[in-house]
Amino acid sequence: MGENLVATSFCISIVEIGSKRWERELRWNSAARRTLAGFLNLAELTELVADVNVLKSSRDASVFILKGKFKASFVQECVVCMGLISSSLKEDVGAKFVPTVRQVNREDIFTYLDEDHPEIYSDGMLEVGKLVQDQLSLSIASYPKHEQGQCGRVAAGGTYSELSSKNSPFADLSKLLKEKKKKPIG
């Protein structure tokens with residue numbers, strides 16, 4: 001996902017932060033949500049909203065601390081029956097931003113005691129949108145599936161009906177098995 005995962009760029013100029021904190025609600029519009037849904041292999045991303053606070057570090061005026069929360073609602077495809085699953089989540093998000101000139105070169109050896117590696121900013125702009133999008137990509141289920149007993153069925157008007165055979169990954173399996181029985185091997 002990395003560098004390509006930027007559906008909407010929410011950048012904060014460090015000038016806007018000043019000596020006080022910068023507080024905003026960030027909302028991804030429908031076009032950005034569609035783009036992000038494509039990146040994340042979601043059927044639909046119906047909502048993505050982040051409430052963030054950014055303030056200067058008390059120790060160093062060039063370091064900024066971001067804290068906040070985001071909520072997302074989305075639809076994924078079940079990996080077992082290919083039916084749709086609606087989900088939502090609320091997650092905390094936080095980061096420390098340091099300028100590129102102060103980038104800390106660290107070994108790629110991390111322990112559970114290590115602080116997260118700081119985010120880097122340049123040209124006086126903090127990229128908050130990408131940070132939230134990256135956190136979302138890590139928070140959604142990689143292999144979503146229905147609750148036990150619900151696979152093979154999809155909701156239709158509040159009741160459950162059998163999944164249509166044309167949507168099933170095994171729709172043509174019985175046809176192939178019948179053809180194999182008719183044709184002797186060797």
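Strands here are DSSP runs of E with at least two residues, helices are H or I runs of at least four, and both are numbered from the N terminus. S3, residues 44-56, and S4, residues 64-77, run antiparallel and are joined by 12 bridges. For two strands to count as paired, DSSP has to find at least two bridges between them.

Quick housekeeping before I go on. This is a predicted model, with local features needing pLDDT of at least 70 and side-chain atom pairs counted only at pLDDT 80 or more, while totals for chains, interfaces and linings use all residues. Residues are numbered from 1 along each chain as its sequence is written, and side-chain values use heavy atoms, leaving out hydrogens and water.

Now the other neighbour of S3. S2 and S3 run antiparallel too, joined by six bridges.

Put together, that's part of an open five-stranded sheet, in the order S2-S3-S4-S5-S6, with mixed pairing. S2 (22-27) and S6 (119-121) are the edge strands, and each has a single partner, so one side of each has no neighbour in the sheet. From one strand to the next, the twist averages 25 degrees.

What lies across S2, S3, S4, S5 and S6? That's helix H3, residues 128-139, which runs at about 135 degrees to S5 (84-99). Axes are lines fitted to C-alpha atoms, for helices over the stretch in contact, and angles go from 0 to 180 degrees between N-to-C directions.

Zooming out, the chain has four helices and nine strands. From the N terminus, the elements go β-α-β-α-β-β-β-β-β-α-β-β-α. Take the contacts (heavy atoms within 4.5 Å) between residues at least 6 apart in sequence: 61% of those join residues at least 24 apart. Of the 186 residues, 31% count as buried, where buried means under 20% relative accessible area, exposed means over 50%, and partly exposed is in between, with a 1.4 Å probe and protein chains only.

Most residues other than glycine have a negative phi. Asn-41, in the loop between H2 (30-39) and S3, has a positive phi near 60 degrees. Asp-123, in the loop between S6 and S7 (125-127), has a positive phi as well, near 55 degrees. Buried or exposed, for Asn-41? Exposed, with a relative accessible area of 68%. Asp-123 is exposed too, at 76%.

Last stop, the surface. The chain exposes about 12800 Å², with carbon and sulfur atoms supplying 49% of it; these areas are Shrake-Rupley with a 1.4 Å probe, and for residues only the protein chains shown count as cover. Val-79, Val-80 and Tyr-143 make up a nonpolar patch with about 330 Å² of accessible area together. Val-79 belongs to the loop between S4 and S5 and is partly exposed, at 45% relative accessible area. Patch residues need over 30% relative accessible area and no salt bridge, with nonpolar side chains (Val, Leu, Ile, Met, Phe, Trp, Tyr) joined within 5 Å and like charges within 9 Å. A salt bridge, in turn, is a side-chain nitrogen of Lys or Arg within 4 Å of a carboxyl oxygen of Asp or Glu.
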